[in-house]
Amino acid sequence: MTPKITGVHHIALKACGLEDYKKMFEFYHEILGLPIVRTWGEGENQGAMLDTGAGLLEIFANAKDYPGQGALRHLALATDNTDACLEAVRAAGYKVTMEPTDIVIASNPPYPARIAFCIGPVGEEVEFFQVK
């Protein structure tokens, strides 16, 4: 029997220690408003799962290093207001790498969207993606 994938359950991000973990938690939960699904552990053994609305974002405090960019280029978060997301991260002091821009992905059929990018708390690239 061929296995059936039904969706993305979660994406995991690991912080190198408690200080970076707290920055990640603040960024994704407090600034962007992702609801807490569950938390566990203490100190550098703690973690959390946050609800993106279409899957979970799992964050940990126990990474030993930050690997290079590798195959994962960015984390794209669906939103109904790209501009508001970007203003929230800008107000919190995060680096904006692309201002809100209307695009049309040259696909069949064409796929219009409004996108913006920033750098998250531990160097991850985050895209805000609003389907138009």
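**Ground rules.** I am reading a predicted model, where local features need pLDDT of at least 70, side-chain atom pairs count only at pLDDT 80 or more, and totals for chains, interfaces and linings use all residues. Residues are numbered from 1 along each chain as its sequence is written, and side-chain values use heavy atoms, leaving out hydrogens and water.

Entry 1: I began with E8, residues 125-131; strands (E, at least two residues) and helices (H or I, at least four) are DSSP runs numbered from the N terminus. Five of its seven residues are buried, so E8 is largely enclosed by the rest of the structure. Buried means under 20% relative accessible area, exposed over 50%, and partly exposed in between (1.4 Å probe, protein chains only).

**Entry 2: its partners.** Next I looked up pairing, which takes at least two DSSP bridges between two strands. E5 (residues 75-78) runs parallel to E8, with four bridges, and Leu75 stands opposite Val126. E7 (residues 111-119) runs antiparallel to E8, with seven bridges; there I found Ala116 partnered with Phe128. E7 and E8 form a hairpin with five residues between them, and Gly123 in the turn has a positive phi of about 90°.

Entry 3: Thr82 lies in helix H2 (residues 82-91) and is buried, at 0% relative accessible area.

**Entry 4: the strand's end.** Lastly I checked Val131, also in E8, which counts as partly exposed at 47% relative accessibility.
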